[in-house]
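These notebook entries record what I looked up in the structure shown below.

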Amino acid sequence: MGHRRFLPQAHRFRKQKKAFNGEAEHVRAPKPLSGAEVLDSLSGVEVVFGKGRRPSNTEGVWKKRSIFFDLPYWKDLLVRHNLDVMHIEKNVCESLIGTLLNIPGKTKDGENARLDMVAMGIRESLKPVSEEGKMTFLLAACYTLSSKIIDPSKLQQLQDEVVVTLCLLEKYFPPAFFDVMVHLTVHLPREIKFCGPRIESRSGFKVIPIDYKTLCEAHYYVLQNTTVVDPYMCEHLSFVRTLHPMKAKNEKWLQAEHKRSFSSWFKRKIETELAHPENTISQQIRWFAHEPKREVLSYSGYGIGGYYYNTRDHDSRSTTQNSGVMVEAESLHISTAKDKNPIYANMLYYGVIEDIWELNYTQFKIPVFRCKWVDNKGGVKVDENGFTLVDLNKEGDPNDQFIFASQAKQVFYVNDPNGGRWSVVLTTKPKLYDRGDVCDNIEETPSFSRGLPESDDIDNEDVAYVREDCEGIYVEEDTTSRKKIKRI
């Protein structure tokens with residue numbers, strides 16, 4: 001690209017390599033050519049009019065000689081062609097918005113652009129990934145804004161930021177700019193809170209009643225993993241410690257009692273607070289306290305986060321396997337049966353999906369997977385080649401079955417070639433599938449309030465070119481010829 005040539009010689013960007021073309025820039029900006037110098041360089045150009053035969057001499061940057069040079073004064077003009085500012089603005093904005101939002105036909109990013117960077121030896125993390133057939137997977141770049149994902153814990157922050165952003169726009173933009181569509185951005189975070197993720201693909205559903213014990217277990221998992229309920233979780237733990245000071249010294253007993261009694265305590269707590277006219281209880285907390293309905297929507301297949309899942313029962317009647325799941329979770333670790341002070345640590349858990357349910361909280365629904373998990377004690381191991389093996393017959397805690405559908409990562413189980421009861425765990429990347437595209441995974445979208453990053457004088461840091469929180473895209477293999485890159 002060569003834009004660093006126009007910087008002052010001492011500018012820090014000239015020294016940086018990784019963020020640009022892999023080399024430091026020491027070349028000065030080119031001197032603008034005079035009209036006489038341009039005319040002299042065009043002296044050997046063969047001019048052919050029309051769309052027929054092209055000139056044979058194609059060396060150099062000039063392909064034809066302008067007819068205006070026939071004018072005696074043309075070579076003496078300081079400005080021979082006025083740049084159209086509005087035309088430049090339009091094209092720059094079109095390229096910028098098209099690339100940021102990945103608009104087909106407008107984006108300057110694509111398979112050829114990624115292959116150009118591979119040829120230049122830069123930004124290796126963005127190189128296209130060839131899949132079977134003629135499909136190529138492009139990872140989401142750091143400048144991709146069309147993220148399909150958002151982190152629920154960041155919704156309040158996004159709500160605050162969108163309001164501040166609109167206020168800043170209001171200081172400078174005319175009132176006519178703020179039509180109803182602009183105003184509706186204020187309400188987007190609220191609707192995400194109540195409506196939850198959008199699920200674009202599901203199949204084989206039916207309404208079924210579930211027993212109250214299982215419903216309470218699923219409900220507790222939802223409360224335990226919902227950010228707005230965290231303060232009540234902490235308050236209830238303190239309440240149990242105060243009520244049972246001696247028994248609460250045993251962490252295992254404390255957690256069991258907390259799980260057993262929290263839902264009913266939480267319901268009474270919210271009912272008491274709602275009795276005060278000036279309460280600040282949100283609608284979401286109110287419906288969580290009411291518990292979900294006994295009837296749930298049960299599915300045999302569910303698409304979320306780029307994966308498509310099936311229940312174990314559906315897989316048993318199919319030639320494909322889509323019921324394997326993995327999740328990373330914090331759990332209580334007990335060294336022995338007499339251990340009174342277990343510790344918490346993150347671990348990977350492997351299992352299969354038994355049921356896919358949508359819990360109905362009246363105003364919103366929450367998709368959950370009921371899984372049979374492999375016992376990590378004796379049911380999971382890593383062989384000498386680094387492969388993870390699981391024994392699917394070793395069942396873990398039957399009272400800890402649920403996860404959010406958005407928390408699952410799909411895995412496949414392949415019988416160990418050495419035989420026996422073990423299965424090899426194989427992971428997979430999110431993909432598109434015939435039942436429709438997916439746009440429901442929830443992860444963080446960086447806000448616009450961060451400003452431009454600070455640049456170091458020394459080029460000693462890796463640049464994050466790939467967005468981990470955004471899905472990539474598949475493209476058809478481009479069989480057309482590709483143009484070479486030229487530095488101008």
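**Entry 1. Overall make-up.** I counted the secondary structure and found 12 helices and 16 strands in the protein. Helices (H or I, at least four residues) and strands (E, at least two) are DSSP runs, numbered from the N terminus. The model is predicted, so I noted that local features need pLDDT of at least 70 and side-chain atom pairs count only at pLDDT 80 or more, while totals for chains, interfaces and linings use all residues. Residues are numbered from 1 along each chain as its sequence is written, and side-chain values use heavy atoms, with hydrogens and water left out.

I then looked up burial: of the 488 residues in the protein, 32% are buried. Buried means under 20% relative accessible area, exposed over 50%, and partly exposed in between (1.4 Å probe, protein chains only). For contacts (heavy atoms within 4.5 Å), I took the pairs at least 6 apart in sequence and found that 64% of them join residues at least 24 apart.

**Entry 2. Confidence.** pLDDT is the predictor's confidence in each residue, from 0 to 100. Its mean over the protein is 80, and 78% of the residues reach 70 or more. Where does pLDDT stay under 50? I recorded residues 432–455, for which the model has 67 contacts beyond four places in sequence, and residues 479–488, for which it has 12 such contacts. Where pLDDT is low, the predicted coordinates should not be read in detail.

Entry 3. I checked helix spans against the expected value, which is 1.5 Å times one less than the number of residues. H4 (residues 155–172) has 18 residues and reaches 26 Å from its first C-alpha to its last, close to the expected 26 Å. Its buried residues are Leu 155, Gln 159, Glu 161 and Leu 166. H7 (residues 212–224) has 13 residues and reaches 18 Å between its end C-alpha atoms, close to the expected 18 Å. Among the buried residues of H7 I noted Thr 214, Glu 217, His 219 and Tyr 220.

**Entry 4. The H8 and H9 pair.** Two packed helices are described by the angle between their axes and the distance between the axes. The axes of H8 (residues 230–243) and H9 (residues 251–274) come within 9 Å and cross at roughly 115°. Axes here are lines fitted to C-alpha atoms, for helices over the stretch in contact, and angles run from 0 to 180 degrees between N-to-C directions. The crossing of H8 and H9 is right-handed; a crossing is left-handed if the near helix is turned anticlockwise from the far one by less than a right angle, and right-handed if clockwise.

On the H8 side, the residues that meet H9 include Tyr 232, Met 233, Leu 237 and Phe 239. On the H9 side, those that meet H8 include Trp 253, Phe 262, Trp 265 and Ile 270. The residues of this contact divide into 11 nonpolar, 4 polar and 5 charged. Ala, Val, Leu, Ile, Met, Phe, Trp, Tyr, Cys and Pro count as nonpolar, Asp, Glu, Lys and Arg as charged, and the others, Gly among them, as polar.

Entry 5. Is Cys 371 buried or exposed? Cys 371 counts as buried because its relative accessibility is 3%. Cys 371 lies in strand E10 (residues 365–373). Its C-alpha is 5.2 Å from that of Glu 354, 17 residues apart along the chain. Beyond four places in sequence, the contacts of Cys 371 are Val 325, Val 352, Ile 353, Glu 354, Gln 401 and Ile 403.

Asn 346 lies in strand E9 and counts as exposed, at 53% relative accessibility. Its C-alpha is 4.2 Å from that of Glu 330, 16 residues apart in sequence. Beyond four places in sequence, Asn 346 is in contact with Glu 328, Ala 329 and Glu 330.

**Entry 6. Positive phi.** Glu 291 is not a glycine, yet has a positive phi of about 70°. I located Glu 291 in the loop between helix H10 (283–289) and strand E5 (295–299), and Glu 291 is buried at 18% relative accessible area. Thr 362, also not a glycine, has a positive phi of about 70°. Thr 362 is in the loop between strand E9 (343–360) and E10 and counts as partly exposed at 40%.
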